[in-house]
Amino acid sequence: MKQRWYCLLVVLLALPLGAAEMPLNMTQGVTDISGRVYDLHMTILYICCAIGLVVFGIMIYSMIYHRKSKGAVAANFHESTKVEIAWTVIPFIILIAMAIPATKTLIAMEDPSNADLTIKITGSQWKWHYSYFDKDIEFYSTLSTPREQIDGDQTKGDNYLLEVDKPLVLPINRKVRFLMTSDDVIHSWWVPAFAVKKDANPGFINEAWTRIDKPGIYRGQCAELCGKDHGFMPIVVNALSEADFDNWLVEQKQLAETEAAAAAASMSQTLSLEDLSKQGEQVYLARCAACHQPNGAGLPGVFPSLIGSPMIKGPVQGHLDIVINGKPGTAMQAFAKQLSAQEIAAVITYERNAWGNNSGDAVQAADVGHFTSNGAATPQPTAAAQITDTATAVVSHAADTVADTANQAVEAVTKVVAPEDLPTLTMDQLMAEGEQVYAATCAACHQATGAGIPGAFPSLIGSPVITGPVSGHIEMVMHGKPGTAMQAFSAQLSLQQIAAVITYERNAWGNNTGDTVQAADISNYANNGAETPQPTVAAQVTDTATAVTDTVANAVTDAANQVTEAVDKVVTPEASPTLTMEQLMAEGEQVYATTCAACHQATGAGIPGAFPSLIGSPVITGPVSGHIEMVMHGKPGTAMQAFSGQLSPQQMAAVITYERNAWGNNSGDAVQAADVASHGQ
């Protein structure tokens, strides 16, 4: 019997003792903190195993030696003060013994003081932005796993979805402080080897730190669900020796000089439309396709389509502005710091000419450079000029709308073809064309393999729609499915393209229905599928003319309304209200709390090494015009944003007044909305 007990004891103790070698156990990591976390984890594991051994040992012993078959008689007592004291005091002592090392470790984890290096980490969908304070180095880090591996066309690599184009580079044996925030939604920066996992929240700064003991490459990923590509947001850290890190800093400065020279040289280059489109396609697939989709169709209700978009069809200046500066309040990021002037020019050219947009515009790097140099330095137009510009833009838009509608009317007339006049293609021809249409229009959702994305986009392999009646398939492709992401393609694809892609889907990936759908079938379905007779050519022309008339009337009405709104919104400096110091301070405190306190702190003290203090700051105690300039236009190369597009003149005046008189600054300056408006002009 004793041998059995010894065997049981060995089995129970073997599990915790061998836990260090188990691949699924917590890793020891490469920092002092990660080692302490690991030791704490193992200590508590041993305590839990010991408690389990005692409790289950007593329970099993009692069941064996005090069972009824051995004649055991249960004791008959009501209570025991000693037992009650024991089972209260002993767990209390155990918890205290566990809490003391845990508290010490937690306190150490939250102490980022006396750091040798500070790095700001900004999460955005779906990439990381690293900024080395006082080093003048910053870059974006994005997933570099080839698309072919993600689509299943290639064998997945060892670091599948855990590899990036530019890793974060850190030195060993130096304390590194991390300041974490976000541009859009909540992310979480997690590297298990460092025992660092901290949320990056928009509008807030979280702190963490590490000191790495061993050189090497360490991997992590975003640990907070942040949108459709959350799983494509890896983290890679390259830890170098101190000497190698110092050399890397020198190399980065040289690389920055080289890139600056290359960017300057690109300003004098003029590329062909073909070259720009080719480069732009690569940039688009790497940077834009995650949201706007490879086919430019976007995701309805989430990311707008770029096909025929007003931004794409409108002035190039507007397109430049949204790519370079983003659009506040939306998922559209600013790419000024993420892409070179040449890349921005290429991707804009591509977007303006792909997917049937065919604007013919070829944007050069020089155009981007000119816009960047002059876009923010252009004097603010006067009230009269604003009204004139708005009226001109509205009238131009109305004219464009009328012209587009007229062109659509002409196209509608020329496209009217009787079903019997449509061509009949062979299966091979339909499959070849259908594969191209599918790759450009459908593969982003249903995947190139037709397998879809479980829970999001259904598989087309053996699907009831695919293997069911052809009429149901045609209905789905032409009119979509309300309440789902399935769009209606009747206005996006020609009859021939719809026929080809349906034929392809019904015969690819092993479906092999043998169905060949012709353009005439689509036309007949459009005429009779909904039991509504197709209108004659004359009726179509009449309907189109009526639509043109309605569009013209609506465009003119909208133009008049927009001009009226523009006139109402223009406030001249002399028309701005003059507030008292108390009114400005009260409003300014509210604006500061919601807009500025996340960085500069509610006390105005800032975060040393990250966000400057406003108490006695040269900007605060200096000329008012410099303070207004900083708030309106920000400070390039820093975290200080431009607030001219986010706050009204009154709000900017109030917050500037508050900053110049709070926390003991007491400048006595009362800045009015008229001062801000005059500075802008």
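The exercises below concern nonpolar cores and salt bridges.

The model is predicted, so local features need pLDDT of at least 70 and side-chain atom pairs count only at pLDDT 80 or more, while totals for chains, interfaces and linings use all residues. Residues are numbered from 1 along each chain as its sequence is written, and side-chain values use heavy atoms, leaving out hydrogens and water.

**Exercise 1.** Describe the largest nonpolar core.

Step 1. A nonpolar core is a set of buried Ala, Val, Leu, Ile, Met, Phe, Trp, Tyr and Cys residues joined through side-chain atoms within 4.5 Å. Buried means under 20% relative accessible area, exposed over 50%, and partly exposed in between (1.4 Å probe, protein chains only).

Step 2. The largest such core holds 39 residues, and I119, Y132, F178, W189 and F194 have the most contacts inside it.

Step 3. A second, separate core has 23 residues, including A341, A345, V363 and F371.

**Exercise 2.** Examine the salt bridge between D361 and R352.

Step 1. A salt bridge is a side-chain nitrogen of Lys or Arg within 4 Å of a carboxyl oxygen of Asp or Glu. The structure contains 10 of them.

Step 2. In the bridge between D361 and R352, the closest N and O atoms are 2.9 Å apart.

Step 3. D361 is partly exposed at 25% relative accessibility, whereas R352 is buried at 2%.
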